[in-house]
Amino acid sequence: MWSEPQVHAVSEWNVARACFAWQEKEYSCAAAAVRHGLLLGGIHYPERVLASWLNVTPWGTDHLRIKRFLHAQNTFRATPWVRRPSEPSSAFFKRLGKALEEGAFALACIGEGGNDHWVCLGAWRESRLWWLNSHLDYGPLVSGHTAEAFDALEWGDEVILVEPRRWAGRFREWVPLRGPLLSANDMGLSERASG
């Protein structure tokens with residue numbers, strides 16, 4: 001399944017940054033979120049390839065299929081991270097932020113008005129959760145949300161934490177580049193910080 005990807009050298013992060021994009025189909029947000037997560041480690045797979053591997057249909061795909069796909073060939077460990085009942089969102093995201101600083105990324109399924117949408121969570125900094133979003137209905141491609149603003153999106157208190165195994169070294173090397181990659185100003189996009 002995981003063929004050798006297009007791997008961008010650290011010096012070529014502009015190439016990776018240029019690959020962040022809106023999802024190709026109305027229902028391909030899961031494939032787009034995985035594509036964005038891989039780009040945080042300098043790895044590029046076309047969305048259509050990821051959508052095929054994830055068996056994305058006009059009804060989308062589910063978290064179990066995403067986790068099975070990411071576990072293939074011991075490439076990633078994808079585990080649900082659940083906010084403890086007594087834990088405030090800000091504490092949860094600070095805890096998650098430590099994992100992101102070690103090279104992981106996370107996927108969250110958010111909902112507004114009954115629509116589910118997968119996004120890639122890339123960093124917790126400046127008391128904001130920074131995500132990569134692939135659908136115009138959910139705002140800009142890159143945005144930062146306070147814990148309270150993210151909670152308003154009905155994310156269900158669970159994210160899929162994706163820790164690289166096969167490419168762990170590459171993802172760690174790319175951690176310092178996440179700031180520029182998640183900077184909408186650098187990407188020429190309209191940054192939005194909510195909350």
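Modeller: The charged end of Arg 125 sits over the ring of Trp 130, at 4.8 Å from the ring centre. This is a predicted model, and that should be kept in mind for everything below.

Rings also pair with one another. How many aromatic pairs does a search of the whole structure find? It finds 14. One of them joins Phe 76 and Trp 167: the pair is edge-to-face, with 5.8 Å from centre to centre and 65° between the planes. Phe 76 belongs to strand E3 (residues 76-82), while Trp 167 is in the loop between strand E8 (158-164) and helix H7 (168-174), so this pair ties together parts that are 91 residues apart in sequence. Phe 76 counts as buried because its relative accessibility is 0%, and buried means under 20%. Trp 167 has a relative accessible area of 9%, so this residue is buried too.

Phe 93 lies in helix H5, and its relative accessible area of 0% is why Phe 93 counts as buried. In sequence, Phe 93 and Trp 124 are 31 residues apart, yet their C-alpha atoms are 6.5 Å apart in space. Residues up to four places away in sequence aside, Phe 93 touches Trp 124, Leu 129, Ala 147, Phe 150 and Trp 155.

Now the helix that carries Phe 93. Helix H5 has 13 residues (residues 89-101); at 1.5 Å a residue it should span 18 Å, and its end C-alpha atoms are 18 Å apart, so the two values agree. Which residues of H5 are buried? They are Ser 89, Phe 92, Phe 93, Leu 96, Gly 97, Ala 99 and Leu 100. Around the axis of H5 they cover an arc of only 160°, which puts them on the same side of the helix. Lys 94, Lys 98 and Glu 101 are exposed on the other side of H5. Just after H5, Gly 103 has a positive phi of about 110°.

Helix H4 (residues 63-71) can be read in the same way. Its buried residues are Ile 66, Lys 67, Phe 69 and Leu 70. Seen down the axis of H4, they fall within an arc of 160°, so they line one face of the helix. At the start of H4, a side-chain oxygen of Asp 62 comes within 3.0 Å of the backbone nitrogen of Leu 64. Just after H4, Gln 73 takes a positive phi of about 55°.

The loop between H6 and E8 holds Glu 154 and Asp 157. Neither is a glycine, yet Glu 154 has a positive phi of about 55°, and Asp 157 has one of about 65°. Is Glu 154 buried or exposed? Glu 154 is exposed, because its relative accessible area is 56%. Asp 157, at 28%, is partly exposed.

One further residue is His 117, in strand E5 (residues 115-125). His 117 counts as buried because its relative accessibility is 2%. The side chains of His 117 and Asn 133 are joined by a polar contact of 2.8 Å. Beyond neighbours within four places in sequence, the contacts of His 117 include Gln 23, Cys 29, Cys 109, His 135 and Tyr 138. Cys 29 is among the buried residues of helix H2. That helix (residues 29-39) is mostly covered, with 11 of its 11 residues buried.

Conventions:
Residues are numbered from 1 along each chain as its sequence is written. This is a predicted model: local features need pLDDT of at least 70, side-chain atom pairs count only at pLDDT 80 or more; totals for chains, interfaces and linings use all residues. Side-chain values use heavy atoms; hydrogens and water are left out. Helices (H or I, at least four residues) and strands (E, at least two) are DSSP runs, numbered from the N terminus. The expected span of a helix is 1.5 Å times one less than its number of residues. Buried means under 20% relative accessible area, exposed over 50%, partly exposed in between (1.4 Å probe, protein chains only). The arc is that of the directions from the helix axis to the C-beta atoms. Rings of Phe, Tyr and Trp (its six-membered ring) pair if their centres lie within 6.5 Å; planes under 30 degrees apart count as stacked, over 60 as edge-to-face and the rest as tilted. A charge sits over a ring if NZ of Lys or CZ of Arg is within 6 Å of the ring centre and within 35 degrees of the ring normal. A polar contact is a pair of N or O atoms within 3.5 Å; within protein, one must be able to donate a hydrogen and the other to accept it, and residues adjacent in sequence count only if both atoms are side-chain atoms. Contact means heavy atoms within 4.5 Å.
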